[in-house]
Amino acid sequence: MTNERNELLIKNDILTKQTDQFNQLQKIINETDGWLHSNFNFYFMSSTKKSWTESRRDCTEKGADLITINNREKQDFVTKITDKREFWIGVTDVEEEGRWKWVDGTNITSGFWASSGHITEPNGGRQENCAVTYLKKNPELIGWIDVDCNGAYQWICEKRFQP
Ligand SMILES: [Ca+2]
Ligand SMILES: [Ca+2]
């Protein structure tokens, strides 16, 4: 009897954990209806334009934050989904000029700054402390450019999946 009871308790425990996981997944699915997903992350692309700070606020209200881009694969993904439009990304040097940080507080190691001919971004000094990801052909300019944080652009929120 004791063995059977223990087995039942274990089964019940497993079932409870599975239900918790299922509920968590259901919550993520509900919260990210209409979002894009890639590599267990979810992305919301705004259709309206706002300042960097207001855009970030919209993301945090959604339980997300502005997108961070730490590798080439992700930059390529973003270039593809933004399709020649400009979108705020979660990077700023507002705290210390020239020291670009992600919204999660980590420093940028290299970044995907745009450069073409005589243009090398970032080039805005203290006037431009936020960045948009950018794609222009003729002349080709692909990557990030720093712009005035008060400018109005679309934005990308990112919600990371925590298993
Ligand atoms: Ca700056
Ligand atoms: Ca610039």
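**Before selecting**

The structure is a predicted model, in which local features need pLDDT of at least 70, side-chain atom pairs count only at pLDDT 80 or more, and totals for chains, interfaces and linings use all residues. Residues are numbered from 1 along each chain as its sequence is written, while chains are lettered from A and ligands numbered from 1 in the order in which they are written.

**The whole chain**

Display the C-alpha trace first. Along the principal axes, the C-alpha atoms fill a box of roughly 80 × 30 × 25 Å. The radius of gyration is 21 Å, whereas a compact globule of 163 residues would have a value near 15 Å (taken over C-alpha atoms; the globule rule is 2.2 Å times the number of residues to the power 0.38).

Next, colour residues 1–31 as domain 1 and residues 35–160 as domain 2; such bounds come from an automatic or database domain assignment. The centres of domain 1 and domain 2, taken over C-alpha atoms, are separated by 40 Å.

Switch to a cartoon. The chain holds three helices and 10 strands, where helices (H or I, at least four residues) and strands (E, at least two) are DSSP runs numbered from the N terminus. Their order along the sequence is α-β-β-α-β-α-β-β-β-β-β-β-β.

Select strand S4 (87–92). Six of its six residues are buried, the criterion being 20 or more other C-beta atoms within 10 Å of a residue's own; 12 or fewer make a residue exposed, values in between partly exposed, and C-beta atoms are placed from the backbone. Phe-87, Ile-89 and Val-91 point one way from S4, and Trp-88, Gly-90 and Thr-92 point the other way.

Which strands pair with S4? Pairing requires that DSSP finds at least two bridges between two strands.

- S8 pairs with S4 in the antiparallel sense over three bridges; Val-132 in S8 is the bridge partner of Trp-88.
- S10 pairs with S4 in the parallel sense over two bridges; Gln-154 in S10 stands opposite Phe-87.
- Strand S5 (residues 101–102) pairs with S4 in the antiparallel sense over two bridges; Trp-102 in S5 is the bridge partner of Val-91.

**The nonpolar core**

Now show side chains for Leu-66, Trp-88, Ile-89, Ala-131, Val-132 and Trp-144, which have the most contacts inside the largest nonpolar core, a set of 25 residues. A nonpolar core is a set of buried Ala, Val, Leu, Ile, Met, Phe, Trp, Tyr and Cys residues joined through C-beta atoms within 7 Å. Helix H2 (52–61) and strands S4, S8 (130–136), S9 (141–147) and S10 (154–160) each supply at least two residues of this core.

Centre the view on Ala-131. Leaving aside residues up to four places away in sequence, Ala-131 touches Ile-89, Val-91, Trp-144, Ile-145, Asp-146 and Val-147; contact requires C-beta atoms, placed from the backbone, within 7 Å.

Most residues other than glycine have a negative phi, and most peptide bonds are trans. Select Glu-121 and Pro-122, which are joined by a cis peptide bond with omega about 0°. Pro-122 lies in the loop between strand S7 (119–120) and S8.

Move to Asn-39, in the loop between strand S1 (36–38) and strand S2 (41–45). Phi of Asn-39 is positive, near 50°, and Asn-39 counts as exposed because it has 9 C-beta neighbours inside 10 Å.

Finish at Asp-83, in the loop between helix H3 (72–82) and S4. Its phi is also positive, near 45°, and Asp-83 is exposed, with 8 other C-beta atoms within 10 Å.

Note on methods. Two residues are in contact if their C-beta atoms, placed from the backbone, lie within 7 Å.
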